[in-house]
Amino acid sequence: MRKTTFILPAIVVLAIVAMSSIFVVDEREKALVMQFGQIRSVKESPGLGFKIPVIQEVVKYDDRILSLDTETIEVTPSDDRRLVVDAFARYRIADVVQFRQAVGLGGVRTAEDRLQGILNAQIREVLGADQVTSDVILSTDRRILTNRIRDQARAQALSLGLDVVDVRLKQTNLPSQNLEATFARMRAEREREAADEIARGNEAAQRVRALADRTVVETQSAASRDADIIRGEADAERNGIFAEAYGADQEFFGFYRSLQAYETALGQGNSSLVMTPDGEFFEYFKSQGSQGIPTAAAAADAPAAEAPAEDAPAAETPAEQTPAAPAAEPQTEAAPAEEAPAADGPEAEPAAPVTPGSN
């Protein structure tokens, strides 16, 4: 009984000592065996580990990739437009021994505080460098800037035993007091671009309009030229016919032109004429017995069959056209000639009673 009494407590003590000397390292962790604040061994592979009970202790650290959100800071790029930047980083404990020596008992929280200071300093340095404008930071090309921030932060974080895996900018915004000025500048730029487009459109429209006007002028000039040529040829042909008819019967031609002058001068709406009845204008209203030429009234009453058949076409042909009166006929100078149909005998009757009057 006495031996059993001593053996059972000894077994319990040995079991407790054995249990306290064994520790388990997970695959997601790294472990340090510490003795009086000094590192005695490092356990990085998963499995069982041993330590001296009471004298030694085990400190474990997470071996996974950890996340750190930085505080919002303001940066000033080279174009003096302030930006509010919010970033985050991915890191892991690369060297657990150096990490322990760098942060001591503070652990991960102390390491994150120091890493955040490194990241903020690198963000200000990279985004505030020369030739880095706010447009570049706000564009898709900022990936180059974040890689530069990551590389520089990684070089400094190695002293903490940390490996910076990645750095990203979550938000890049303008300060609230700068938004209105930025919007006004953007609006002015868009209005300037719109004005340039309108000016280019007006210039193109002017060129098209000028080309169209030139085409119209050239077309009208060519048409006027052709019309003048055709009109000149027609006038030449008309004058030829007119001269032929005048040469066929000069007396009848003078009589016909006088009738046209009577019709034009004594028509309705014309000005009043004051002249003596024995003037040259009323020559055909007088008696022409000795010359064999009938008066206007007699010519009007004479039947059309009495006129020579061969002279009728020559006298009526130029009636449809209005040639200039020949210089040899003084009767046509009293009134301008117009293109009027040939005046037959019955149409000459209204002119005869006007002779006493001067209207």
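Predicted model: local features only at pLDDT ≥ 70, side-chain atom pairs only at ≥ 80, totals over all residues.
1. **Salt bridges overall.** The structure holds 18 salt bridges.

2. **Asp-69 and Lys-170.** These two side chains form a salt bridge, with the closest N and O atoms 3.9 Å apart. Asp-69 sits in strand E6 (residues 66–69) and Lys-170 in strand E9 (residues 162–173), so the bridge ties together parts that are 101 residues apart in sequence. Asp-69 is partly exposed, at 46% relative accessibility. Lys-170 is also partly exposed, with a relative accessible area of 39%.

3. **Arg-143 and Asp-166.** Here too a salt bridge forms, and the closest N and O atoms are 3.9 Å apart. Arg-143 belongs to helix H5 (residues 142–157) and Asp-166 to strand E9, so this pair ties together parts 23 residues apart in sequence. Arg-143 is partly exposed, with a relative accessible area of 34%. Asp-166 counts as buried, at 17% relative accessibility, because the cut-off for buried is under 20%.

4. **Asp-235 and Arg-238.** This salt bridge has an N to O distance of 4.0 Å. Both residues lie in helix H6 (residues 176–248), three residues apart, so about one helical turn separates them. Asp-235 is partly exposed, with a relative accessible area of 30%. Arg-238 is buried, with a relative accessible area of 15%.

5. **A network.** Salt bridges also link Lys-30, Asp-63 and Arg-92 in a network.

6. **Helix H5: span.** H5 has 16 residues. From its first C-alpha to its last it reaches 22 Å, close to the 22 Å expected at 1.5 Å a residue.

7. **Helix H5: buried side.** Which residues of H5 are buried? They are Leu-145, Thr-146, Ile-149, Arg-150, Ala-153 and Ala-157. These residues cover an arc of only 140 degrees around the axis, so they lie on the same side of H5. What do the buried residues of H5 pack against? Their partners are helix H3 (107–127), helix H4 (134–138) and E9.

Terms used:
Residues numbered from 1 in each chain as written. Heavy atoms only, no water. Helix = DSSP H or I, 4+ residues; strand = E, 2+ residues; numbered from the N terminus. Buried < 20%, exposed > 50% of the residue type's maximum accessible area, 1.4 Å probe, protein only. Expected span 1.5 Å × (residues − 1). Arc of directions from axis to C-beta. Contact = heavy atoms within 4.5 Å.
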